[in-house]
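Open the model in your viewer and keep the selection panel at hand. The tour below goes from one selection to the next.

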Amino acid sequence: MRFYYSIIAIVLIVLAFSCNSSRIIKFPKKVDTKDKPIVFQDKGVEFVSDIGIYISNDFASARLNKVSVKNDSTLLLKIHPENEPINNSAYFAFKTWGDYSKAIYFHFEYPKGYEHRYIPKYQIGDEAWQEADSLMFSMKDSIAILKFNVSKDTALIAAQELRTTKEVKDWYTALSQKNNAVTKLKIIGKTHLGRDIPMMDIYSGSKSKKDIIVLLTRQHPPEVTGYLAFQSFLETVLESGTLTDTFLEKYRVLAFPLMNPDGVDLGHWRHNAGGVDLNRDWSKYRQPEVYAVTNQIEQIVKEEGVKVLLGLDFHSTWHDVFYTNVERENTNLPSFVSDWFTQLEANIPNYKVNEKSANSTRPVSKGWFLKRFNAVGITYEIGDETPRDFITLKGKISAHEMMRLLTNNN
Ligand SMILES: [Zn+2]
């Protein structure tokens, strides 16, 4: 009998250690985040002989599924999502060039039920990205039309300026090296397709007794403007002189600069390679990206016996907005949200905070930070077309004021 008890004990111990250390967090509305199949694009370069131009989706973050000719100056671009159902966020990206200069009309076509979302941006050669102006881009009878002068110089045309896995990696690697006295770069897991999930672990001196601030972005691949704010925010956290020194002596920042690298490089509208919206998986952690991030946070909290105070998740939508939780008083930073917003309005010229407050009903990161750690969870949303210099300013001031509030108050 004793033998059997020993076997049972061993089985239980093995089970306990093989389970995710992240606790299941319940939300009122359940979302099924098991893997669902995605459709990969056929990649290649096509010479459209009727018109005399080349068109390509053979690069990271491309999205273009099919090209057909309407007439000698008009091309129909068919753009499909990675799988369905999916949020209405029609992302596209392709390259085009020709032997001669020619004005081409590109018509964007989506499956039934989806609409055009983004004003096209373009980059010619290595020049800076530009936004198509109203002479180039228009909506006619709900069809989005881009008039573009195709020439010998390759033009990259996309929903947003591209920030591929390689570009993001170049940025966070350089930033980590430049600030290596306080930054450790770690790979905390792998995606479905084997890409790295990175984390920057940021603190000064000893890591003991430092409560935690979490920053994350790119759960949703096309949400580049949220990523631009994240970049400015994190650069400010690392490079604000004595304020940074004081802040990082007291707090530890866990920054996740690229949560969905598969989705980013596959040119996805929203999901990861498991065909799932990662920002609905913060309950059971079925997807490797959410599993890796939550598991890291849990492990550090357990090892150091510290609190998570604040989680900021950077996204993009139609316009700038902060999604907050209604619950404030019983969080680890009861007055943070109102104090921070007051400071943003005081320090950003002609700016009024747009806040929408609601308890998360579905398993999103904002609700997870609150339910799991009593932390302040905020979805930091930037508009798709918010001017890029304003995004940088807002990222900078919001980081600065967060550090000021957290170092003054305690
Ligand atoms: Zn999003």
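A residue is called buried at under 20% relative accessible area, exposed at over 50% and partly exposed in between, with a 1.4 Å probe and protein chains only. The model is predicted: local features need pLDDT of at least 70, side-chain atom pairs count only at pLDDT 80 or more, and totals for chains, interfaces and linings use all residues. Residues are numbered from 1 along each chain as its sequence is written, and side-chain values use heavy atoms, with hydrogens and water left out.

**Helix α3**

Select residues 224–238, which form helix α3. Helices (H or I, at least four residues) and strands (E, at least two) are DSSP runs, numbered from the N terminus. Of the 15 residues of α3, 14 are buried, so the helix is largely enclosed by the rest of the structure. The expected span of a helix is 1.5 Å times one less than its number of residues. For α3 this gives 21 Å, and the end C-alpha atoms are 21 Å apart, which agrees.

Next, select residues 161–406, where an unreviewed UniProt entry places the feature "domain: Peptidase M14". UniProt positions are in the numbering used here, feature names are shortened, and annotations may be inferred rather than shown by experiment. This stretch is 41% helix and 22% strand, with its end C-alpha atoms 34 Å apart.

**The five-stranded sheet**

Now colour the open sheet with the order β3-β4-β6-β10-β9 and mixed pairing. At its edges stand β3 (66–71) and β9 (137–140), each with a single partner strand, so one side of each is left without a neighbour in the sheet. Two strands pair if DSSP finds at least two bridges between them. β9 and β10 (residues 143–150) pair in the antiparallel sense over four bridges, and Ser-138 stands opposite Ile-145 in β10.

Select Asp-141 in the loop between β9 and β10. Asp-141 has a positive phi of about 50° although it is not a glycine, and its 76% relative accessibility makes it exposed.

**Strand β11 and its partners**

Move to β11 (residues 155–158): Ala-155 and Ile-157 point one way, Leu-156 and Ala-158 the other, and all are buried. β5 (residues 93–98) runs antiparallel to β11, joined by four bridges. Lys-95 stands opposite Leu-156. β7 (residues 121–124) also pairs with β11 in the antiparallel sense over four bridges, with Gln-123 opposite Leu-156.

**Two loop stops**

In the loop between β4 (74–78) and β5, find Pro-85. The peptide bond from Glu-84 to Pro-85 is cis, with omega near 0°.

End at Lys-209, in the loop between β13 (196–202) and β14 (211–217). Its phi is near 65°, a positive value in a residue other than glycine, and Lys-209 is exposed, with a relative accessible area of 75%.
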